[in-house]
Amino acid sequence: MDKLPRLKDIRPFVSTRNACKLCAPLGASVALKGIEGCVPVIHGSQGCATYIRRYMISHYKEPVDIASSNFSEETTIFGGAQNLREALGNVIGQYKPKAVGVATTCLSETIGEDVFHQLAEVRKQTAGEDWPELFTVSTPSYQGTHMDGFHATVLEIVKHFVKDDEKAADRLNIFPGFVSPADIRQLKEIISDYGIKPILIPDFSDALDNPLWDKYYRVPEGGTPLDEICKAGGAVASIELGLFTKVANGGKESGLMHSAASWLESEHNVKNYKSLMPIGVNSSDDFFDNLTRVTGVEMPEKYMKQRGRLLDAYADGHKYVFGKKAVVYGEEDLVLGLCSFLDEIGVEVVIAGTGAYSGRLEEELKKACPNHGENMKVLGDSDFERISDESHKIKPDIIIGNSKGYYIARELKIPIVRVGFPIHDRVGGQRINHLGYAGTQELFDKVVNALLEYKQENSPVGFKYM
Ligand code: SF4
């Protein structure tokens, strides 16, 4: 008789350890901060809002006010409608917002709160009063990551505000995704250079990266103006960055998957030009080609020169990066963009890890990484423990991702290049440029210099010239 396996030899199921994803209402809060005069309310317990505030303040180094409906044991049993009513009254009284976005949490979703109808009741009770726009988005974290929360919120914002509007040839929607404030500023500059004023949804380039204040603003300046969002249905086109932007969509379209841009395409006939996040020359070319297609304007000389300088830098730095092995982790769209960039500079991505699971990342990586995509180990629905275990087996030269992976780099004694969100152990996370030729240039220099610095520090003789 075959020997029965011993219990200790069967790998036990373990819960997620050090998640490689964040909470869905956190993504919602970032998106809401990019809407002019909008205050996020987290419908759930105080701890959810505190965690989100702590993460955002630590990364953006800005004051981040996020309200909570503050569930207690009693609320959990009898429902949170009254708490939400009070929270809205407090927020509207103290902050005088133009809009309030209510994001649900694991707790409020689990007890079945119908926030849509709770807000309808509030609107009825306050009819005739000067109340701001109220809307809600369903963001239970057990159904998705911060990216699902982010994209679901952008979709709800568009659905709530967009009205039928006449087409206007000078209007272009940009859906940048969860990029940095510096990325958003750069996108605005690029598109303005094509002679068109973009509607960026959301635009948190000011609200999450303010100049120094001489007085405290309860609601920071900046954000996409509400009247601009209303006109997004009349835009000549949308440009959407990222391939993993669709979320399950409730209401009348229940069961359908939509992103804000795909919804505008199906409901308002606004053509959507979708591409990878423009990191690297190939993906940036696609983005700039889309701009030319939409505007009819050829790439301005400024960007031709940026592209040329980037190619020159690739030639200069090629010998220091070629053949190096990298571990990349984070959100699916960021991982895809980074891997595409690394593949074109000759770095072999040996592990691509993410806490999300669309089931499509591996397929997209193979398409975007013609040199090394076939051999890449793709870890979907993973945590940092798993990424760390696999990294120890492969012994990479560098890791690239947010600061939560720092311990892997420390254990393996290899350099880490910090990108994306969150970056808790450095300043300037909000000012990292990831996109376009200029952003890629910064990333390329960082990757090359991290490898050079490592080599120099570990050289037995040291050197000051290469
Ligand atoms: S309970 Fe859910 S919504 Fe609240 S912080 Fe945790 S994961 Fe996020």
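**Getting to know the second largest cavity**

Reader: Which helices each supply at least two residues of the lining of the second largest cavity?

Author: This is a predicted model, where local features need pLDDT of at least 70, side-chain atom pairs count only at pLDDT 80 or more, and totals for chains, interfaces and linings use all residues. Residues are numbered from 1 along each chain as its sequence is written, and side-chain values use heavy atoms, without hydrogens and water. A cavity is a set of points on a 1 Å grid over the protein atoms alone where a 1.4 Å probe fits but cannot get out, and lining residues have an atom within 4 Å of a point. The helices (DSSP runs of H or I, at least four residues) that each give at least two residues here are α7 and α10 (260-268).

Reader: Which helix gives the most to this lining?

Author: Among the lining residues of the second largest cavity are F150, H151 and V154, along with A260 and A261. The top contribution is three residues, and the helix giving them is α7.

Reader: What volume does the second largest cavity have?

Author: For comparison, the largest cavity has a volume of about 190 Å³. The second largest cavity comes to about 80 Å³.

Reader: How far apart in space are E385 and R17, C-alpha to C-alpha?

Author: E385 sits in helix α15 (residues 384-394). E385 and R17 are 368 residues apart in sequence, while their C-alpha to C-alpha distance is 6.1 Å.

How values were computed. On a 1 Å grid over the protein atoms alone, a cavity is a set of points where a 1.4 Å probe fits but cannot get out, and a pocket is an open set with protein on both sides within 12 Å along at least five of seven lines; lining residues have an atom within 4 Å of a point. Grid points are joined across faces, edges and corners, and a volume is the space filled by probe spheres set on the points.
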